[in-house]
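Thanks for making time this morning. Please put the model up, and I will walk through it.

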Amino acid sequence: MSGHEGRCVEPEDLRPMSKVTYFSGETFPLEMHKVRIIQKLTLLPVEERLRAIDEAGYNTFLLQNADVFLDMLTDSGVNAMSDRQQAAMLQADDAYAGSATFTRLHDKLREVFGKKYFLPAHQGRAAEHILSVAFVKPGMVVPMNYHFTTMKQHITALGGQVVELIPPEGVAVTSDNPFKGNVDLAHVERLIAEHGPENIAFFRMEAGTNLIGGQPFSLANLRAVSHLCRKEGVRLVLDASLLADNLHFIKNREPECADWSIAQIAAAMADCADIIYFSARKLGFGRGGGIVIDDDALYRDLRAWVPMYEGFLTYGGMSVREMEAITIGLDETLDEDMINQGPVFIAHFVNEMERRGIPVITPPGGLGAHVDAARFLDHVDQRQYPSGALAAAVYLASGVRGMERGTMSEQREPDGTEPLSHMELLRLALPRRVFTLSQVNYAVDRIHWLHANRRIVGGLRWTEEPEILRFFYGRLAPIGDWQHALVAKFREDFGPSL
Ligand code: F0G
């Protein structure tokens, strides 16, 4: 078997509630909520956008939010809260130790994942830190479907090595494989035999695999990995940060689960893992994170790190208000009408771009739409960061802020060599329940214009390159003077329009 289990249903067969067929026969996403609090946005003129991106060193992370029209940088910590979440926040029990709020969150996690213990942490990477310091020793390997930036940094900083086990098809830009986040099972067996279970810190499966375009794995694949890990005595860790999208895709693409409730699928996934960690900035529409475990000894091993790095065991760096919001947010994650919203809007975003000839990752995944910068800017050398250049150019063209997910997001090897990323992507995240369909359509239109004028866009070079997680706060400059040419063309084509 090589990562194909569970394939059978085309993404077009999605039957979510938040999509309706119009009288004309066309199908459109439909919001299953109404907006009751709004935030005013500004769309700066293109000349002002040039000033802003220049001041930001052509790195969209360094833009001021006030200069951004649609913030599609991430879905992390910026999902819209519901009325129920806001109401619960008012009832939070403020206590350092033994807060009733913590108990409510703990009970909810026990209900969703069926595991006894919860160790709170201030966000996902804090959970990654605890798991890494507890398990990773120099020379150990950590196999996974695909890496995530912060987890990889923790592992390598401790002398461990990340090994990725998705087949090449997982990083193919266009595909009809509904489960591109699946691992190659033959490779798993080979890897365990080659290194020996004692040299494997843990096996990590990332739901809604972020860096390959928010792509899911199937329940069948997770079960098979779990079976192999248990047979060999390797701990299986599930990164559940993007679990909501993966749950939706399993229900809609894996025939065995078509009639299951989202809660049943979540429970079946949790049964496969020894440890589950998550960023509640993504899962649960709040801000926080933590680790869920069932095993008494594991709990005792990991518990010690929480008061040291995060805070006491009943808050772990989270505010009680956020913990209340996450408790309700987890309930909403089990409501298919609520979690459909993201993937259905993303599918619309992706399909509309594809229809206009813009190269995008297919099938549409979770988290956001992902533009293939390698093809969009095929005249820009990978060492001149086409994904970063495209992120800057999209901001110039539209005021939309996306995120570079390509070579800039890689880390240099200890000898200074720069690995080239498997994929050069511009991620346009859709925070859950935040944007309307007309805002998505506006983004499609401006990216379409940019695609028609893509030859104007050139590459970027570092002017300041930090050693650690350089993409977050490094500064760059355009190679040549393409930014001015792009602004001039925008004015020529759009006249006085924003
Ligand atoms: N795991 C996954 C799959 C993630 O996507 C993230 C964060 C983390 C762990 C770390 O969680 O941010 O709460 O510390 N992803 C954010 C993003 C940064 O924009 O995709 P965190």
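**The pocket, then the helices**

By class, the lining of the largest pocket has 14 nonpolar, 10 polar and 10 charged residues. Here Ala, Val, Leu, Ile, Met, Phe, Trp, Tyr, Cys and Pro count as nonpolar, Asp, Glu, Lys and Arg as charged, and the others, Gly among them, as polar.

A word on ground rules. This is a predicted model, in which local features need pLDDT of at least 70 and side-chain atom pairs count only at pLDDT 80 or more, while totals for chains, interfaces and linings use all residues. Residues are numbered from 1 along each chain as its sequence is written, and side-chain values use heavy atoms, with hydrogens and water left out.

Back to the pocket. The lining has 34 residues. Ile37, Ile38, Ala80, Arg433 and Val434 lie nearest the centre. A pocket here is an open set of points on a 1 Å grid over the protein atoms alone, where a 1.4 Å probe fits, with protein on both sides within 12 Å along at least five of seven lines; lining residues have an atom within 4 Å of a point. The space in this largest pocket is about 1,300 Å³. That volume is the space filled by probe spheres set on the points, with grid points joined across faces, edges and corners. Helix H2, residues 83-90, gives the largest share of the lining, three residues. Helices (H or I, at least four residues) and strands (E, at least two) are DSSP runs, numbered from the N terminus.

Now the packing. How are two packed helices described? By the angle between their axes and the distance between the axes. Axes are lines fitted to C-alpha atoms, for helices over the stretch in contact, and angles run from 0 to 180 degrees between N-to-C directions.

Take H15 (residues 386-398) and H16 (residues 437-452). They pack at about 115 degrees, with axes 9 Å apart. H15 and H16 are therefore roughly perpendicular. The cut-offs: under 35 degrees is roughly parallel, over 145 roughly antiparallel, 65 to 115 roughly perpendicular, and the rest oblique. Leu390, Ala393, Val394, Ala397 and Ser398 of H15 meet Tyr442, Arg446, Ile447, Trp449 and Leu450 of H16. Contact means heavy atoms within 4.5 Å. That contact has eight nonpolar residues, one polar and one charged.

H15 also packs with H18 (residues 482-494), at about 30 degrees, axes 10 Å apart. That makes H15 roughly parallel to H18. On the H15 side we have Ala389, Ala392, Ala393, Leu396 and Ala397. On the H18 side, Trp482, Gln483, Leu486, Val487 and Phe490. Nine residues in this contact are nonpolar, one is polar and none is charged.

One more pair. H7 (residues 219-232) and H9 (residues 262-272) pack at about 25 degrees, with axes 9 Å apart. H7 is therefore roughly parallel to H9. Leu219, Leu222, Arg223, Ser226 and Arg230 of H7 make the contact with Ala268, Met269, Asp271 and Cys272 of H9. By class, it has five nonpolar, one polar and three charged residues.

Last, some single residues. Val133 sits in helix H4, residues 124-135. Leaving out residues up to four places away in sequence, Val133 touches Leu158, Trp305 and Tyr309.

Where is Pro363? In the loop between helix H13 (336-355) and strand E11 (368-372). A cis peptide bond joins Thr362 and Pro363, with omega about -5 degrees.

Tyr385 lies in the loop between helix H14 (373-376) and H15. Phi of Tyr385 is near 55 degrees, a positive value in a residue other than glycine.
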